[in-house]
Amino acid sequence: MSLQFFLEKANSFWGRIENFASTPKLNIVKTIYVNLRLLPFKQAIHLPIYIYGKVKLACLNGSAEIKAPIKKGMITLGRWDDKFFATRKCAELFIPKGCKIIFHGTTYIGIDYSIRMGQKGILEFGDMATITSGVIIGVNKYVSIGKYSRIVWNTRIMDSDFHFTYNSETLEVSPNTKPIIIGAFNWIGNNTAINKGTITSDYTIATSGSILNKNYIKLNNDINEPMLLAGSPAVIKSKGHKRLYSQHFEKEITEYYQKNQTQKYILPKDFVDDVISVKL
């Protein structure tokens with residue numbers, strides 16, 4: 001065996017050590033505590049929620065509910081699988097009395113998340129919903145994130161302005177809280193702001209840095225169809241765009257564009273997107 005072989009093996013070994021050392025570890029004590037505090041006992045004893053790394057448990061007087069078959073570790077908070085965001089602090093959970101988080105299946109939440117709830121708010125996660133790192137979620141009334149939707153780092157989701165404003169001429173006061181409903185299979189780019197009253201269609205793509213603040217289904221004549229949103233505030237830029245979920249075709253297309261930069265790849269006419277292959 002050559003020296004180069006041993007050098008490559010050593011490099012691979014140290015790479016695994018570096019990755020292990022930098023990845024938040026399962027916080028066993030807080031995992032047990034969060035499950036027992038939030039879930040019904042019959043669900044909690046199976047430890048379906050895993051807590052990783054540092055997290056500030058500011059308040060856990062509210063509750064959680066899992067509306068799916070219970071599996072150990074099916075909900076993970078504080079893992080660092082996306083690798084796009086270096087941890088800067090600890091995460092935070094603030095779930096006061098009367099508030100509830102509802103999980104409809106497997107859910108992934110990255111590092112440095114903040115979930116703050118108030119005024120008997122309800123937060124729902126669809127099956128296979130993914131929240132990557134540095135995302136802030138504030139719920140005063142209702143926030144729903146659809147199944148298989150992916151919300152990328154540094155995004156802010158707030159269903160309230162927290163303070164009221166009024167028109168000094170008419171003295172009208174506008175509501176400061178409106179529900180947010182993120183459709184299924186959405187892909188929300190990094191540094192996006194999702195404000196009160198936002199409703200997106202299934203398969204919506206929002207570009208990085210967008211500010212969402214409308215009912216985009218209503219804006220599209222009540223038609224729930226794939227759309228691309230962009231801007232500040234965001235508008236409908238185009239329709240029909242979807243994120244590609246098929247792991248097989250993603251690999252094939254990557255290899256195609258490594259060799260061919262002049263012609264676009266065309267999917268076969270019988271193409272079916274394999275969402276089941278998606279991994280959190």
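This is a predicted model: local features need pLDDT of at least 70, side-chain atom pairs count only at pLDDT 80 or more; totals for chains, interfaces and linings use all residues.

Reader: Is Glu92 buried or partly exposed?

Author: Glu92 counts as buried, because its relative accessibility is 17% and the cut-off for buried is under 20%.

Reader: What joins the side chains of Arg116 and Glu92?

Author: They meet in a salt bridge, with a distance of 3.3 Å from N to O. Arg116 belongs to strand S8 (residues 114–117) and Glu92 to strand S5 (residues 91–94), so this pair ties together parts that are 24 residues apart in sequence.

Reader: How many salt bridges does the structure hold?

Author: There are 4 salt bridges in the structure. One of them is formed by the side chains of Lys100 and Glu65, at 3.1 Å from N to O. Since Lys100 lies in strand S6 (residues 100–103) and Glu65 in strand S3 (residues 63–66), the contact ties together parts that are 35 residues apart in sequence. Lys100 is partly exposed at a relative accessible area of 29%, and Glu65 is partly exposed at 26% relative accessibility.

Reader: Which residue forms a salt bridge with Glu225?

Author: The partner of Glu225 is Lys239, and their closest N and O atoms are 4.0 Å apart. Glu225 sits in the loop between helix H4 (216–219) and strand S20 (227–231), while Lys239 is in strand S21 (residues 234–239), so the pair ties together parts that are 14 residues apart in sequence. Glu225 has a relative accessible area of 24% and is partly exposed; Lys239, at 49% relative accessibility, also counts as partly exposed.

Reader: How should I read a sheet?

Author: The strands of a sheet pair through backbone hydrogen bonds, in either a parallel or an antiparallel manner. In this structure, an open sheet of 7 strands runs in the order S2-S5-S8-S11-S14-S17-S19, and its pairing is parallel. Strand S2 (55–59) and strand S19 (211–212) are the edge strands, each pairing on one side only.

Reader: In which sense do S8 and strand S11 pair, parallel or antiparallel?

Author: S8 pairs with strand S11 (residues 136–139) in the parallel sense, over 4 bridges. Ile115 stands opposite Ile137 in S11.

Reader: What can be said about the cysteines Cys59 and Cys99?

Author: One first asks whether two sulfur atoms lie within 2.5 Å of each other, the cut-off for a disulfide. The count here comes to 0 disulfides. Cys59 is in no disulfide, and the nearest cysteine sulfur, that of Cys99, is 8.2 Å away. Cys99 is likewise in no disulfide, its nearest cysteine sulfur being that of Cys59. Cys59 counts as buried at 14% relative accessibility, and Cys99 counts as buried at 2%.

Reader: Finally, how much space lies in the largest pocket, and which residues lie nearest its centre?

Author: The largest pocket holds about 270 Å³ of space. Its lining consists of 10 residues, and those nearest its centre are Asp82, Phe84, Arg150, Val152 and Trp153.

Reader: How many residues of each class are found in the lining of the largest pocket?

Author: The lining of the largest pocket has 6 nonpolar, 1 polar and 3 charged residues.

How values were computed. Residues are numbered from 1 along each chain as its sequence is written. Side-chain values use heavy atoms; hydrogens and water are left out. Helices (H or I, at least four residues) and strands (E, at least two) are DSSP runs, numbered from the N terminus. Buried means under 20% relative accessible area, exposed over 50%, partly exposed in between (1.4 Å probe, protein chains only). Two strands pair if DSSP finds at least two bridges between them. On a 1 Å grid over the protein atoms alone, a cavity is a set of points where a 1.4 Å probe fits but cannot get out, and a pocket is an open set with protein on both sides within 12 Å along at least five of seven lines; lining residues have an atom within 4 Å of a point. Grid points are joined across faces, edges and corners, and a volume is the space filled by probe spheres set on the points. Ala, Val, Leu, Ile, Met, Phe, Trp, Tyr, Cys and Pro count as nonpolar, Asp, Glu, Lys and Arg as charged, and the others, Gly among them, as polar.
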